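Have a look at the model before reading on.

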Amino acid sequence: MKALVLAAGKSTRIASISKGLPKPLIEVHGKSVLKRNLTWLAQFGFRDIWINLHYRAEDIINHLGQGDDLGLNIQYAFEPEILGTAGAVKHLQEEWKETFLVVYGDNLFQFSLDTFISFHQSQKTPLSIGVFDRSNHLHTGIAGGRVVLKGSYVQGFIEGGNQAISNYVNAGVYLLEPKILEIIPEETFFDFGNDLFPKCIHNDIKISGHIIEGYCLGIDTPESYQNALTIINN
């Protein structure tokens, strides 16, 4: 299975920590967020990885190379204009011939991808998203989109986090089938949370929601970075 790690964004809100580096290159106890995530993927047997780039792309390429030291085959896709999280997937549509994984490169994860993949296969939906329960799982206080689940299916999604609707939060890890590409426009800014999820719900395209066992640590602000340092001790 191939994976796309999203790493095109800037580091505006955490500039005091990043010192201008891309956010995925911020170090947590001496190891970049990006390398931690790639090591996690390698642990679950992933080898072929795409990384989308925009801001200071050369820094990320120099940091990772082709992934030999991680046991990975890394390829890069440069975006002259940022295409958004789902637009980045569409930009590489020729690569996705079977089920594939998308990971937000500036979040830190630890949970079983094997379990997530088994869940997705059993659901037979074109898209499954990993979610965490704010009341039960370790997190850093940065709320992503709130997810309303009915059983194992997503019934509602609000980007930006409305605490009243649900404790379940989008973790930024997705499993997709190639047919989902049909509803993503080409070479257009298109986001999972703001665009694709609402479009699927509006058109009765089923989305499955997998509750992870582990953690999802958003590292978007100096405060959330300090929280991550506390949660991760090595």
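Predicted model: local features only at pLDDT ≥ 70, side-chain atom pairs only at ≥ 80, totals over all residues.

## What's inside

A residue counts as buried when its relative accessible area is under 20%, and as exposed when that area is over 50%.

## Overall build

The chain folds into seven helices and 13 strands. How does the radius of gyration sit with a compact globule? For 234 residues you'd expect a value near 17 Å, and the protein comes in at 16 Å, so the two agree. The C-alpha trace spans about 45 × 40 × 30 Å along its principal axes.

Contacts reach well along the chain: taking those between residues at least 6 apart in sequence, 74% join residues at least 24 apart.

## Surface and charge

Most residues other than glycine have a negative phi. Which way does K19 go, positive or negative? Its phi is positive, near 55°. K19 sits in the loop between α1 (15-18) and β2 (27-28), and it counts as exposed because its relative accessibility is 68%.

E187 also has a positive phi, near 45°. This residue lies in the loop between β11 (168-176) and α6 (192-202). With a relative accessible area of 55%, E187 is exposed.

Terms used: Residues numbered from 1 in each chain as written. Heavy atoms only, no water. Helix = DSSP H or I, 4+ residues; strand = E, 2+ residues; numbered from the N terminus. Buried < 20%, exposed > 50% of the residue type's maximum accessible area, 1.4 Å probe, protein only. Rg over C-alpha atoms; globule rule 2.2 N^0.38 Å. Contact = heavy atoms within 4.5 Å.
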